[in-house]
Amino acid sequence: MTDDTSKGNEGEAIGVFLCGCKGEISKFLDLDAIKDLISRVPKVKSIGIHEALCSREGQEYLKEEMKKHAFDRVVVGACSPNIQGIIVGKALEESGLNKYLFEQVNIREQCAWVHPEKEIATRKALALVNGGIHRVQMLTAMEDIPISILPAALIIGGGVAGMQAALDIARAGFKVHLVERTKELGGRAYKLSMTFPTHNCGICCMQYCKECVFTPKIEDVLQEKNIDIMLNSEIEDIEGGFGNRHVKVNTPEGAKEFDVGTIIIATGSKTFDPKRIPELKYGHPDVLTTVELEQLIVKEREKGTGVKRPSDGKTPKTIDFIQCVGSRDKTKGNLHCSLVCCTYAIGQARELKKLIPDADVYIHYIDLRGPYRGFEEFYDAAKQEGIQFVRGRVSDVSAKDGKLSVRAEDTDAGTLLGIDSDLVVLSVGQEPAEGSDKIVKMLHIQTDIDKFMKDINPMFPPELRRGIYVIGCAQGPKGIRYSVDDARTAAAEAIRIMHDGKVMMPRITARSDEYKCRGCGRCVETCEYEAISLVDDGKGGRIAKVDEIRCEGCGACAAACCNKAMILAGYAIPQVRETVKGVLEEVPP
Amino acid sequence: MSEKEFEPNIIAFTCTWCGYPSANLAGVNKIPYPANVKIIRVMCSGTVDPAMVLEAIENGADGVIIIGCLIDNCHYVSGNKKAEERMERLKKLFDIVGLDSRRIRTEWINASERVRFAKTMNEFVQQIREIGPAPRMPKLVKEALTNEKIQKEVKRLIEDTGAFDCVECGKCTTVCPVAKYDTEFAPRTIVIRSMEGLVENLANDKDIWTCSTCEICNSMCPYKVDYSGFIQGMRAQARQLGNYPICSQGGLIQSFMRFMANADLPQKRLEWMTDDLKISDKGDVFYFVGCIPHFDAIFGDREELGLNKIPQSAVKLMNAAGITPVVSNSEVCCGHDLIWTGDEEDFLKLMDKNLKLIKESGAKKVVFSCPECLRTFNMDYQDFAGDLEFELVHLSDYLLNLINEGKLKFPEGTGKLSATYHDSCRLGRHSKIYDSPRDLIKAAGINLTEMQNIKDKASCCGVSAWMSCNSTAMRLQMERMQEAKSTGADCLLTFCPKCQIHLSCAISKELPIDKEKVDIPTKDMVVALAELLESK
């Protein structure tokens, strides 16, 4: 028992509800036994068991019980609060319970489903429910934080995703600042000679385009009045918090500054540098990446000179595509599959075969992956056209006397192959774009193992994304269609919150206790979000003050504070202590 | 619980973004793991305060595991790294105290790694099963406190401390460092309020914890009222009424002391020892080290402190004079911070352990470098246990004596260090040792420049017994450091490790005033002396 002045709140009438989850819980736990024991815990006014609290009937039941007993605290023993807790909490809130006085204990994933022995699982569930009962008594009623959202958006990256988001938001009547670091809009898609599955145009403004399926038009973006396009520009700094961020951009015309309410990150990806795998001999004139091959094909289309290999201008007769260059390779830090390479390699192979019908075209792959509608037909057509698929990772490309040779095992046949090749094409994988790490730092975005940015699961309540959306290849390798999908959904949410002008944010934020704070500044130093500052305490000293819009509620400051003057709402030491005590207590006492 | 196999209680603090979802996924996939594990969700692994971990153990857990996002992939940028650093320091402390650092584990598990979650839980439960149960704290049986009992106790206190003689002249308030900044605080009014003898007063009085017990009031009181003694007694009463102080580090330090008081743990408190130092198990002279090894772990992120150098230097100095002191791994905390936070019960347990230990060592003399330990033995131990059979001596007196006897000599011409000296309250006003440190400074060839407020008027470092470290304390520290800096000396010397910790803490971070005005390093006197001894 450690000393602390913080004492629990009242909580005189606690309601406990146990959910049977239609047998998923009730079959594995003895809920009646839990009910029996918990009813002896002081301050518990009533315990109810329902077979599905998240169902319509369950919610009605909760409301009736609330009406009958007027609980001032509620503990629900059910599934993970991350899943159905929102529904149950909402039903309680509608009955007049402050949502911060409710705790959902996870007796399904943490008990029923993982502890096969019923008695043991029941005992643990009892302990967890008891912990919840202890915890709710330490909670205080709070209100959400209203956050104003400025009616302007920043879009970082002018590729297909960024352009689509820009168009949607601008057309909804909001100002859009579109920042692109290169000299033109369109991103990588603009450079493609054709796209899957039509096996045709890349982007509409290209003259060889026959039809346009889903890619937005650069021309549209250029003509949209609400979009301020900044080319050759880089984000210098972004400051502020949810709903109101100040952006500084370096443009060729000088620095620009503006404020935005939402930010869409569409920084895309870059292709893997094949020099990092020396055995593939990238650097030899006839070893190309798929991106470089695209340029050759585009050139051919424009001038009609046919595809020639770079070394001597001859038409290549044997062409080898090597898949997974830099993808699915732990040694290069990229465990991920780059998703689009199988598809585009097949597309390019078919195109080459069309241009050079007598050429032997091989695709060396580990697994062919094309989780897209139409892929199977696409692949089938390639086989029909005579593309040869060889299963096995290429170990080595050798260049003797200017002649290329590809060494690989055909793992289906179990034979070693040595193919004399005229042109080797490396299907390079994708990595986060240059400079995306800077954006990650500025906006405190969580990254994945492969350094791609994580978007907050859109299943979570929208306020958790704090007006920042990661879309397209910034999230990880993606097809054009899926990047555009991302853009449209993110734009829809950004439009909604800007339209409302306000979002209610859960008050899981830190605050400093003026009586305890000594103004040492440890919290300021530890905060990643620059949410804390030291202000004059009016007595010649200073105290810490939290900007609760900037605060993301991690509690690092609370743990760093020597005097425990900094408190994270809901997770103060006494609150955690009581929960632990309840969980470890023998019930009944 | 059956006797056959020990089933540990495990608390798993999981972060909202990876730890908790990985457990959910283990659930959805029905991957079993032991039911010993009870999950407590926190926002981030970095939310977990060391005090929360220790409290979990205090409240019945045998092991605590913290699960956060993969390193470099923290949802909150770096919460997991912060947690790891904190827990490393806590583990060190667990080992020193003998709680076994293996009871704490940190794991970084991605939300999708359900199998790893279950596997880790299996491993950890098995490991704790092998280590065995954590020590349990005895359940406190609270006596029913009545107004009558309290009044009787307070009356006794008033008589014992001479508080009855208070004529309400207010001199104590004018000299009180706390009252200077906390206008609602006055030593006098605490006494007045207590004379009303109301339980409610005592149960809600915050001022008894705000007092820094620096005793400047005692030394200035014309009627010799023992205010700090009065405060000490009142705190014990207040605590029984559920009136607790605000402790630094979430009460972590006092918690460890309670573990030491209530369990015989395999401590590792001599980690500071180096091969060149000579110590023994039995002998005439016992060197009582105190809590320094704990503080060294707790403040491990403040490298400038170098606290473990203090006992090293003390032994070095004694060795140089041909003394091989007894230093014991079984020593426990003197209990100073417990008795001053009102925990008399556990204080007495610590006292008994230390007295028994010293008796067994056969020592006739106990030497202290820490002023608090000295004061606690000298005043509190003798108050509770009667006259002690061995002599208590502070290192300053002890070393001075060795110098006078010619056994200890500082090299000639060392007079390069210029310093000012801070009288810590426990050594100065509490123990009345003012001159020996100054004589020692002279003997060692240090150029001493005095501050404005010295000896019985010395300013306070702001904090005692790890509590009420608030903005008033900060102001007192600023004041003292300004005084020190204005002497123009190279450093501030003090014998008290806590004064060193507090004063240097105040100037280590953000400052309300110009850094130039306070920027002077604080150094432990023992360390400075040992360095001079070795300088050529």
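In which sense do strand 6 (residues 152-156) and strand 7 (residues 175-179) of chain A pair, and over how many bridges? In this predicted model, in which local features need pLDDT of at least 70 and side-chain atom pairs count only at pLDDT 80 or more, while totals for chains, interfaces and linings use all residues, the pairing of strand 6 with strand 7 of chain A is parallel and runs over five bridges. Residues are numbered from 1 along each chain as its sequence is written, and chains are lettered from A and ligands numbered from 1 in the order in which they are written.

Helices (H or I, at least four residues) and strands (E, at least two) are DSSP runs numbered from the N terminus, and on this basis chain A holds 15 helices and 28 strands. The C-alpha trace of chain A spans about 90 × 60 × 40 Å along its principal axes. Of the 589 residues of chain A, 50% count as buried, where a residue is buried if 20 or more other C-beta atoms lie within 10 Å of its own, exposed if 12 or fewer, and partly exposed in between, with C-beta atoms placed from the backbone. Contacts are assigned if the C-beta atoms of two residues, again placed from the backbone, lie within 7 Å; among those in chain A between residues at least 6 apart in sequence, 70% join residues at least 24 apart.

An antiparallel pairing is found between strand 10 (residues 244-251) and strand 11 (residues 254-260) of chain A, over seven bridges. A hairpin joins strand 10 to strand 11 of chain A through two residues, and A:Lys248 stands opposite A:Glu257 in strand 11 of chain A.

Several loop positions of chain A were also examined. A:Asn232, in the loop between strand 8 and strand 9 (234-241) of chain A, has a positive phi of about 50° although it is not a glycine, and A:Asn232 is partly exposed, with 14 other C-beta atoms within 10 Å. A:Arg328, likewise not a glycine, has a positive phi of about 45°; A:Arg328 lies in the loop between strand 15 (318-325) and helix 9 (341-355) of chain A and counts as partly exposed because it has 18 C-beta neighbours inside 10 Å. A:Ser26 is placed in the loop between strand 1 (14-19) and helix 1 (31-38) of chain A. Residues up to four places away in sequence being left aside, A:Ser26 touches A:Gly20 and A:Leu31, whereas A:Ser26 and A:His50, 24 residues apart in sequence, are 9.6 Å apart in space from C-alpha to C-alpha.

Between the chains, 61 residues of chain B are in contact with 63 residues of chain A. At least two residues of the side of chain B that touches chain A come from each of helix 1 (19-28), strand 2 (37-42), helix 2 (50-58), helix 3 (79-97), helix 13 and helix 21 (471-486) of chain B, and helix 1 of chain B gives the most, with six residues. By class, this side of chain B has 31 nonpolar, 20 polar and 10 charged residues; Ala, Val, Leu, Ile, Met, Phe, Trp, Tyr, Cys and Pro count as nonpolar, Asp, Glu, Lys and Arg as charged, and the others, Gly among them, as polar.

Notes
Pairing = 2+ DSSP bridges.
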